[in-house]
Amino acid sequence: MLKIENLHVSYGGIQALRGISLEVPDGKIVTLIGANGAGKSTTLRTISGLVKASSGSIQWNGEELLGKPIDQIISAGIAMSPEGRRVFADMTVLENLRIGAYLRKDKAEIQKDLEWVYQLFPRLQERSWQLAGTLSGGEQQMLAVGRALMSRPRLMMLDEPSLGLAPLVVQDIFSIIREINRQGVTVLLVEQNANMALRCADLAYVLETGNITMSGSGQELLADERVKEAYLGKNS
Amino acid sequence: MQEILPYLINGISVGGQYALIAIGYTLVYGILRLINFAHGDVFMVAGLIMVYATTAMPMYLALPLVLVVTVLLGFLIERVAYKPLRSAPRMSLMISAIGVSYLIQNLAFYITGGVPQPVTNPIPWISENVELFGQSTKRVTLVTPVLTILLVVALVYLINHTKIGMAMRAAAKDFETAQLMGIKINAVISMTFVIGSFLAAVGAMLYFTNYPSVSITSGGMPGLKAFVAAVFGGIGSIPGAVVGAFVIGLCEEIIKGLGYTTFSDAFTFALLIVVLCVRPTGLFGEKVTDKV
């Protein structure tokens, strides 16, 4: 389980996170919703080690992650699919997946995981020799998720997986997120599409200007008047 | 035709030497977007070390030592002068590179006393004269292009088919995402400096076999021309740097063959100006596409 306590992060004099605390229990889907600039991405980037925290703690199964280099955090079982997908456009799909397993040395197991990812995303298998830059947005998102899965994470962090995708593709992505979770991977999901995110989340947090202002099960927040007004549109 | 042949062979040889230096520029640029102005001086230092080492110890120790010390120098330059500036504006990095270039030249001045150091013990075999199309030339002229091609093939294999090569390609495109894959960016950057310095050291050993002495400014011209070759080929691209280097080497020698020796350097820099005006990304340069 991932446990964040009183986490403060600032860059360039701006306080991006002002002491947030949250928990991601094993085997669950947890979502962070909030407006642009609320600190959602910063939270994920701090967990993954890309951003340094000024104070607080991030414990992963009782082990402190703050101050650890990124590769150790990945090896500890945390992977991230970054915002905007960021696939390596001039590498093939297969190379993109292989680079996701960069830190692993267990060749036979990597091969197994590759087959597993191809099973989850048959489309990627069809295109394994294609350059990633030639894939559609949805396929690139699948590749970004598949690439992160190749490190065999126990916690998968997804930053805005639905960004810029057609509604039908968004549904595909979300059903894959559920499928990954069903297979035992804990999911921490950051989304602007609050409606979709809350529907699939076991636990949800609302982030506003660097503070957590609300939390509860996905269903509770879906029904909450303030959430409806601010994030779901009044009529939904 | 018979008269131009030796010039062509010379040109290919000079091109090979430029290529070995140009790869160092292009690799570092590909990853750090930095023109490593100190690279020509690293080349010069490799020449100096060769002069000292070959007089102090047997050849089989001296040559590996040249490679090791040069590689170490390249590694240290990055660690001391560029790594602390990782998140600084690119301009600071460039100024630091210029500073390193002058620092190396001045240190070399201090050590040599400003006197060109004669190459008294040239590398045997490759410095022997051979008969070629009726002209006498050193064997290094023939060895250089062959060795260059072999090293380039090895490098391309390393970059396309090994794990560290994959990491280098990933880091060259996107530092942050590469880090998210667990790639240690500093190790990858060090690796590019190690490879670049290694090739420059090989280039220096071949180059100075053909020259009577090494002076503190010996790195200037070949370094500059290799840089032009890298820009001409499209900086950041390895095939570009190699093709650019051979083209420039050949053109220079052909111009000399036609009797315009005085203009051969001018030609190279005129070529740079034309390339920058007509095709700023060079022959194989990446198109700069801004994502919407």
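Which strands of chain A does helix H6 lie across? I began my notes with that one, keeping in mind that this is a predicted model. I found that helix H6, residues 137-149 of chain A, lies across E6 and strand E7 (155-159). Its direction runs at about 165° to that of E6(A).

**Entry: the other helix on the sheet.** I went on to helix H7 of chain A, residues 167-182, and saw that it packs on the sheet, where it touches E3, E7 and E8. I noted an angle of about 155° between the directions of H7 and E8(A).

**Entry: the sheet itself.** I traced six strands of chain A across an open sheet and wrote down the order E6-E7-E8-E3-E9-E10, with mixed pairing. At the edges I have E6 (78-81) and E10 (211-216); each has a single partner strand, so one side of each is left without a neighbour in the sheet.

**Entry: one strand pair up close.** I picked E3 (residues 29-34) and E8 (residues 186-191) of chain A, which run parallel and are joined by five bridges. Here I spotted A:Leu32 opposite A:Val190 in E8(A).

**Entry: where the chains meet.** How many residues of chain A are in contact with chain B? I have 15 from chain A, in contact with 14 residues of chain B. Helix H2 (70-75) and helix H3 (93-100) of chain A each supply at least two residues to the side that touches chain B. Sorting that side of chain A by class, I listed 10 nonpolar, two polar and three charged residues.

Terms used: Residues are numbered from 1 along each chain as its sequence is written. Chains are lettered from A and ligands numbered from 1 in the order in which they are written. This is a predicted model: local features need pLDDT of at least 70, side-chain atom pairs count only at pLDDT 80 or more; totals for chains, interfaces and linings use all residues. Two strands pair if DSSP finds at least two bridges between them. Helices (H or I, at least four residues) and strands (E, at least two) are DSSP runs, numbered from the N terminus. Two residues are in contact if their C-beta atoms, placed from the backbone, lie within 7 Å. Axes are lines fitted to C-alpha atoms, for helices over the stretch in contact, and angles run from 0 to 180 degrees between N-to-C directions. Ala, Val, Leu, Ile, Met, Phe, Trp, Tyr, Cys and Pro count as nonpolar, Asp, Glu, Lys and Arg as charged, and the others, Gly among them, as polar.
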